[in-house]
Amino acid sequence: MTNTPQRRRFLRAAAALGIAGAVPPLWAAGAVKPDAKSALIVVDVQNCFVDGGTLPVKGGAEVVPVINALAPKFRNIVVTQDWHTPGHASFASAHAGQKAFSSIKLSYGNQVLWPDHCVQGTDDAALHKDLKLPTAQLIIRKGFNPGVDSYSAFQEADRKTVTGLAGYLKARGIRTVYVTGLATDFCVAWTALDARAAGFDVYVIEDATRAIDLDGSLAKAWKNMAAKGVKRIQSADVAA
Ligand code: VGL
Ligand code: ZN
């Protein structure tokens, strides 16, 4: 749906009638156009997060063709990899008597404990083999500090240590980021929220993500993102 004069008239009339809620959002269907100051961020599309990996996200591999189709629409692309040390503090196995998917308190706050996953240099931590991003310019690795997790591509879980991504994007004049990848409710959401906090305009392309959804974490993530002005769109909303 393009923003034709007819559609604009319809939207104005609908708004006047107070039925704006019945009208699809303005950025529906091809209405969002990435420009030279936009970047696609592809979060953690790694073997660890798809079937056969150590922390599979339901339907995780389904994001690959969606992201491959989005990539040619972006001049700027950044890829991230979850990149943990063996025995990382986010692994349940590093804490005696703790089970995966439970939570504990670490020095910097609450930490969900995960199965061992995405260990540096392993096949499990490699990018999905079908991901086709020949124009990607930066791969940022995160979670390499043995004692601190990092869902976000911008800032570690201590909420102090930065990865340098905000500085990189700003130095290159990027103002808007489109976040995709795995998992919607953890690394995608934290990346989107930190991008907002760093002053970027932020879209999350929902059908280019899949979630873990642990104890309502997905609904909570969308609520937190909406509250901070992160815009939720679908890949069909992104114009070439
Ligand atoms: C992630 C849990 C642990 C993610 C990474 O990429 O969303 N989730 N590590
Ligand atoms: Zn991790």
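Predicted model: local features only at pLDDT ≥ 70, side-chain atom pairs only at ≥ 80, totals over all residues.

Visitor: Why is the site of the zinc ion (ligand 2) called irregular?
Guide: The zinc ion has 4 donor atoms, with angles of 87 to 171 degrees. Tetrahedral needs all angles between 85 and 135 degrees.

Visitor: What makes Asp 82, His 84 and His 117 donor residues of the zinc ion?
Guide: Donors are N, O and S atoms within 2.8 Å of the metal. Asp 82 (OD), His 84 (NE2) and His 117 (NE2) coordinate the zinc ion at 2.0 to 2.1 Å. These distances meet the cut-off, so they count. In sequence, the donor residues are spaced D-x1-H-x32-H.

Visitor: How do you know that His 117 makes a polar contact with ligand 1?
Guide: A polar side-chain atom of His 117 is 3.1 Å from a nitrogen atom of ligand 1. The limit is 3.5 Å, so the pair counts.

Visitor: What makes the backbone of Leu 182 and Cys 187 count too?
Guide: A backbone N or O atom of Leu 182 lies 3.2 Å from an oxygen atom of ligand 1. For a polar backbone atom of Cys 187, the distance to an oxygen atom of the ligand is 3.0 Å. Both pairs are within 3.5 Å, so both are polar contacts. The protein covers 100% of the 260 Å² of accessible area that ligand 1 has on its own.

Visitor: Where does ligand 1 sit?
Guide: Ligand 1 sits in the largest cavity.

Terms used. Residues numbered from 1 in each chain as written. Chains lettered and ligands numbered in written order. Heavy atoms only, no water. Polar contact = N/O pair within 3.5 Å; in protein donor to acceptor, adjacent residues only side chain to side chain. Areas by Shrake-Rupley, 256 points an atom, 1.4 Å probe, with all protein chains shown as cover. 1 Å grid on protein atoms, 1.4 Å probe; cavity = no way out; pocket = protein on both sides within 12 Å on 5 of 7 lines; lining within 4 Å. Sits in = over half its atoms within 2 Å of the grid points. Donors = N, O, S within 2.8 Å, 3.2 Å for Na, K, Ca; no water. Tetrahedral: all angles 85-135°; square planar, octahedral: opposite > 155°, others 65-115°.
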